[in-house]
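Reader: I am new to this structure and would be grateful for a close look at its salt bridges. Please set out the pairs in turn and then turn to the nonpolar core.

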Amino acid sequence: MKAVWATIWITIYTLFLAWFFFGPRAGARARSQPGGVQEIDVTVQGGYSPPRIVVRQGVPVRLRFRRLDTSSCAERVIFPDFNVSRVLPVGEVTTVEFTPDRDGTFTFTCGMGMYRGTLVVEAGGGGGSHAH
């Protein structure tokens, strides 16, 4: 009987770990601002919050990173698919602006690649190219 309970608990624990590391992340949609800019605040503290950001293709994006995390890992944010990289000073808000020219799901990371976020670009927002 102990073996059955052990198997059940190991299965539950394994499923929890899989959900924790690979399950869907809470996200947020960038707000449309006057002038046609999509804007959202992102907190850097042990990762990115929100970890998943939804924007529209072809519409300028303004991401306002507020870094609270003092670790060296959080010093920089990189959007490799959009050739964007910025230094994030501790305690300050750093604005990152670009226009996503293609739809899809893109990863952004810290300088060491340990903190990861997702930028979801939905097609059809501003008439940009659909090429990947």
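Author: Glutamate 122 and arginine 29 form a salt bridge, their closest N and O atoms being 3.1 Å apart; the term denotes a side-chain nitrogen of Lys or Arg within 4 Å of a carboxyl oxygen of Asp or Glu. Glutamate 122 belongs to strand β11 (residues 116–122) and arginine 29 to strand β1 (residues 27–29), so the pair ties together parts that are 93 residues apart in sequence. Strands (E, at least two residues) are DSSP runs, numbered from the N terminus. Glutamate 122 is partly exposed, at a relative accessible area of 32%, and arginine 29 is partly exposed as well, at 48%. Here buried means under 20% relative accessible area, exposed over 50%, and partly exposed in between (1.4 Å probe, protein chains only).

The model is predicted: local features need pLDDT of at least 70, side-chain atom pairs count only at pLDDT 80 or more, and totals for chains, interfaces and linings use all residues. Residues are numbered from 1 along each chain as its sequence is written, and side-chain values use heavy atoms, with hydrogens and water left out.

In total, the structure holds 5 salt bridges. One of them joins the side chains of glutamate 39 and arginine 62, at 2.9 Å from N to O. This pair links distant parts of the chain, with glutamate 39 in strand β3 (residues 37–44) and arginine 62 in strand β6 (residues 61–67), 23 residues apart. Glutamate 39 is buried, with a relative accessible area of 14%, whereas arginine 62 is partly exposed at 23%. Glu39 and Arg62 are also linked with Glu97 in a network of salt bridges.

A salt bridge also connects the side chains of arginine 64 and aspartate 41, at 2.9 Å from N to O. Because arginine 64 lies in strand β6 and aspartate 41 in strand β3, the pair ties together parts that are 23 residues apart in sequence. Arginine 64 is partly exposed, with a relative accessible area of 30%, and aspartate 41 is partly exposed at 40%.

The largest nonpolar core has 25 residues, of which Tyr48, Leu63, Phe65, Phe79 and Leu119 touch the most other members. Such a core is a set of buried Ala, Val, Leu, Ile, Met, Phe, Trp, Tyr and Cys residues joined through side-chain atoms within 4.5 Å. Strands β3, β6 and β11 are among those that each supply at least two residues of this core. Leaving aside neighbours within four places in sequence, leucine 63 is in contact (heavy atoms within 4.5 Å) with residues including Ile40, Ile53, Phe79 and Phe98.

Technical notes
Helices (H or I, at least four residues) and strands (E, at least two) are DSSP runs, numbered from the N terminus.
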